[in-house]
Structure formats: structure tokens, C-alpha cells
Amino acid sequence: MTTLLHRRYTQGSLRELVNDAPHEPATLTDDHRRSLSARFRAVTSGEHRRLDAWLVERAGELSGTFTWNPVTARRLVGNAAARRVVARPDRSLRAAVGDEIDDQLLRVASGYARGGSLAYWLAGLSEPVRGLVVAEALNWASSTLEAAHHLDVAWSVASSDAYYDVAAARTTLRARRDLIIGSPDARVVVRLRSGAPGKSAGPGLRADLTIEALAEHEGHAPSRIIGLWPDAGVCLAVDGSMDDLRAGARDLVRTAVAQRRQRLVLAA
Amino acid sequence: MTQTTTQSPHSVVEALRGKRTARPRVDATSAAGLRGELEDGIYKVFGSTTPRHPVIVRASSLRQSHRATDLALSRTGLLRGILVSQLLRLMSVGVVVEHAFDDAVDTLRGEGRAIDLLGHLDQLDNEERARLATDVTAHAVTLSRSMGEMASHWTPRTAVAGYQRLGGGRVELRDVVDLVIGSSEGGVASIVLFDLTTSPLGEGAERVLRYHALVHTLKTSIVPWRSAMFSSATGELWTRDVDFEMLARSVHEVLAVVEELGSVS
């Protein structure tokens with residue numbers, strides 16, 4: 001049986017969700033990985049496939065090409081700024097966002113940024129639009145740090161998302177994560193989302209859970225994965241049980257199938 | 001305590017923050033009661049029937065009756081409002097606005113939202129565009145003169161959205177507060193909600209102040225300290241300290257809107 005916990009997002013509820021997480025989460029073995037790989041290989045694809053929770057929630061519906069804008073940039077800049085504040089608490093969040101953007105611009109000036117990257121895009125912006133990026137990143141970082149300050153256990157701002165390349169299936173899975181709480185063996189992962197959760201938020205979290213477990217070298221799933229929707233004041237959580245991992249894997253494969261069908265329809 | 005000033009204060013930011021020692025303790029207990037009252041009221045309106053589409057309540061629903069016409073809600077009026085709000089976002093993070101209209105349009109395009117309003121902007125002839133530019137610049141001057149400098153450690157959040165689904169999804173409260181300062185940490189109330197309007201302040205503005213406070217309370221379960229509204233048309237600032245009575249009044253106002261909109265749908 002899968003789990004889906006629903007709580008109002010308050011100072012106490014997030015702490016409770018973290019503290020009450022199951023102590024022995026499930027572990028994915030090599031057999032699980034091989035089985036998943038076989039299933040993805042059965043869904044042929046002409047090009048490299050990239051799947052994440054967002055696609056699972058949209059049943060594989062193809063969206064337009066990715067473009068940078070202040071909203072798509074806010075998470076990267078905001079989380080980087082939050083990490084800076086954690087490392088140097090004497091800096092204000094606004095100053096940390098400014099520092100992060102300056103660093104990105106420096107990478108472009110020194111020739112380390114490639115075309116299409118965040119740094120490259122930031123360098124081409126006018127001053128007002130860059131100001132808007134600061135405003136959006138500040139919103140994001142504030143929400144991240146406010147969530148973290150509710151906790152009474154060790155936490156860190158994730159330095160990257162979790163990625164897993166499915167062997168010989170031309171498929172990359174990506175799980176977003178913003179806060180990692182506790183030790184690597186018994187970790188709780190928090191993901192921040194804007195807006196309000198839809199009906200498919202649970203499957204989205206399960207997909208994140210499965211990818212997070214696959215990306216861990218020993219296959220240990222997080223004890224719990226928590227989705228936070230600060231705009232709606234809601235948090236949803238999924239436990240790291242084998243049933244939830246299986247459901248997450250099934251949804252990812254289904255998404256690949258749905259995506260392939262859509263491509264075939266478009267091609268016809 | 002209500003503070004009403006008929007003139008633009010020396011600094012809006014100073015007026016908003018007030019003295020730290022005068023702030024009340026955080027109220028984290030009122031939200032549940034308010035939610036219960038809203039749920040009861042919604043049940044009285046709909047009973048067990050479910051409307052085809054959820055009734056959506058926004059701040060603009062409280063500003064005026066849906067049967068009335070407000071020129072500020074015309075497409076040009078909305079465009080002016082959204083452009084001035086963009087400038088507030090820039091000022092809040094310390095950007096010096098030199099060319100108000102161009103900077104605001106630049107940010108609106110860069111944001112990639114409000115596509116229909118940008119389409120409307122592109123359709124304006126030179127005369128209408130020049131009139132809008134002058135208008136936006138005048139509002140920006142009033143705003144920049146009044147705002148004052150915001151300390152960077154206040155972590156201003158701009159265009160902060162709020163959603164609340166009530167009555168089993170029959171009603172949705174939606175809100176966007178232009179600027180939120182302060183933190184929910186600590187035992188003292190310190191969150192200030194600030195709304196900017198390009199219209200003169202009127203009776204509807206008071207309802208909007210209360211609505212912002214109510215949605216924030218339902219969303220975070222913490223009662224904000226103050227709710228404020230500034231008119232860049234007149235330079236007036238209205239500030240209200242949020243208390244339970246104010247929130248309860250907003251509950252009744254929201255229920256009246258739900259009843260009105262529910263009967264229409």
C-alpha cells in the first residue's frame with residue numbers, strides 16, 4: 001500500500017513529518033535496477049529521454065522547449081544563495097543573491113560559461129530584468145530557509161538534483177531536491193513547489209522518491225520525501241517504502257510510454 | 001490600532017516597520033477558527049451541491065461588486081497597475097530605476113507572463129503609449145519618493161502568491177501580495193503585507209487589506225502583524241494592525257462574495 005500524508009504547512013507540522021519519518025526505508029537492489037532498465041528498453045525512443053516528476057504529473061505531455069526566465073532561474077540562484085547564507089550567516093540573503101549573480105557573470109567574463117547556461121543568459125540581461133531575477137531568487141531562498149528554520153535536526157541545502165542514467169535505455173531520470181535533512185543513511189528530502197498541489201502531486205513525489213533511491217549508490221531510499229507548497233500552505237509526504245518505490249517506477253515507465261505515443265501521433 | 005495618514009509619509013518602509021518593542025506576540029492559534037467559520041459559511045451557501053466550476057475569490061472581487069464597472073480594471077488600467085508593481089519589485093531589491101516605463105516594460109517582457117497585456121501594449125498607438133508612459137512615470141516618482149530604503153536583512157519577498165481551497169474544492173481563495181517583509185521566526189509578530197495600487201484608496205481598499213491578512217493567516221497559520229496599502233495615485237498609505245476582529249470581518253466579507261458569485265454561477 002502506498003502512502004500519501006497531507007498536512008497544513010506550519011512550523012510544527014514540517015518538524016513532525018521529519019521526526020516521524022520511518023527509520024528503515026527500503027533499498028533498491030541490482031535486480032531492481034536491471035528490471036527497470038529492461039522495462040525502459042522495451043519503450044523504444046529515437047532520441048535520448050529525460051524524465052522527471054513534472055512529466056509524470058503531466059502524464060508525459062510534451063511541453064515547449066526550455067527557456068531561461070526569472071521564474072526558471074529562481075530555484076538555481078535562490079538555492080545557491082541559501083547555501084551561501086548557511087556558510088556565512090553574517091551575509092544578508094539579498095547580498096548572497098547578489099554575490100551568486102556576480103559569480104555567474106564572472107564565469108562568463110572569464111570564458112567558463114557555455115552557451116545556453118544560466119550564467120550566459122544572465123550576462124545578456126538588462127539591469128531591470130536582472131533585478132527581477134534577484135527578486136524571484138530572494139522569494140525562493142526565503143521560502144527554503146524558512147522551511148529549514150522550522151527543523152531541529154541537521155539539514156543542508158541540496159547542491160544539485162539527483163540524476164540516474166538507466167543503463168542501455170537512453171533514459172536519464174532527474175529528481176529535484178531542495179533540502180536534505182538528517183544523515184545520508186536516514187535522510188528526508190524536501191522539495192519546494194510553487195502554486196498549489198494538483199491531483200497528481202502524489203505520483204510526482206513518488207517519482208522523485210524512486211529516482212532519489214536509484215541515484216544513491218547503494219540504493220537506499222530516503223526515509224520520506226516531502227513536497228512543500230508554501231503558496232498554498234500545504235505539505236504532502238511519501239514514505240520510502242518498497243510499495244512507494246514500485247509505484248514511482250511504474251509511473252516513470254508509464255510516462256515514457258505516454259510520451260512515445262504522443263510522439264507517434266505527432267509524427268503521423 | 002489604525003493609522004491613517006492623508007499625506008505621503010516621509011518613508012513608507014519606516015511607517016511599516018514601526019518600533020520592534022511595540023509588536024504583539026505571534027498569534028498562531030486563530031487560523032483554525034477562521035477556517036472553520038469559512039467552511040461552515042460555504043456549506044450554508046452550497047449545501048451538498050457542487051458548482052460546475054469552483055468559485056474563485058480574488059482581492060479584486062472584494063474591491064467592488066461584480067456588477068459595478070471600475071475603469072482601473074480596464075486593460076490599460078491593469079497594464080498600468082502591473083507595470084508599477086514591477087517597479088516596486090525592482091525598488092525592493094535595491095535596483096535604481098532610471099527609466100520607469102522602459103524598465104517596467106522590460107521586466108514584464110523578461111518575466112514572460114501577462115502575455116495578453118503585453119499584446120495590448122503592443123497594440124497601443126503612439127499617443128496612447130506616450131500617455132501610459134507618462135502615467136507610469138508619475139506613479140513611479142510618487143512610489144520612489146515615498147518608499148524609503150529597505151534594509152537588506154529584511155528579506156523583502158515580492159509578488160507573493162497565496163491559494164486556499166475551501167469547501168471541498170468548491171471555493172478557491174487566490175491572492176497576490178505585492179510585498180511581504182518580516183519573518184515568521186521568533187515569538188514576536190513581524191510580518192507586514194504591503195499592497196500597491198494605482199487607484200485612490202477607498203472603502204474597497206480596506207476590504208482588500210483584510211483579505212490579504214486573512215489569506216496569509218490561512219496559508220501560514222500565523223497572523224501577520226500589519227497589512228498596508230499604498231496608493232501611488234494619491235501618495236496615501238493605509239496601515240492596519242491585524243487582529244482577530246479584522247480577520248473575522250474579512251471572513252464575513254469573503255462569504256458575502258462567495259454567496260454573490262455562487263448565485264451567479
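## Exercises on a two-chain predicted model

Helix α4 (residues 75–92) of chain B packs against helix α6 (residues 115–123) of chain B at an angle of about 110 degrees, and their axes lie 10 Å apart. This is a predicted model, in which local features need pLDDT of at least 70 and side-chain atom pairs count only at pLDDT 80 or more, while totals for chains, interfaces and linings use all residues. Residues are numbered from 1 along each chain as its sequence is written, and chains are lettered from A and ligands numbered from 1 in the order in which they are written.

**Exercise 1.** Describe how α4(B) and α6(B) pack.

*Step 1.* Start with the angle of about 110 degrees; axes are lines fitted to C-alpha atoms, for helices over the stretch in contact, and angles run from 0 to 180 degrees between N-to-C directions. Helices (H or I, at least four residues) and strands (E, at least two) are DSSP runs, numbered from the N terminus.

*Step 2.* Now classify: under 35 degrees is roughly parallel, over 145 roughly antiparallel, 65 to 115 roughly perpendicular and the rest oblique. So α4(B) is roughly perpendicular to α6(B).

*Step 3.* Find the touching residues (C-beta atoms, placed from the backbone, within 7 Å). α4(B) brings B:Arg75, B:Leu78, B:Leu79 and B:Ile82, and α6(B) brings B:Leu117, B:His120 and B:Leu121.

**Exercise 2.** Look at where chain B meets chain A, and find which element of chain B gives the most residues.

*Step 1.* Count both sides: 28 residues of chain B are in contact with 26 residues of chain A.

*Step 2.* List the elements of chain B that give two or more residues: α4, α5 (100–111), β3 (157–166) and α8 (203–220).

Technical notes. Contact = placed C-beta atoms within 7 Å.
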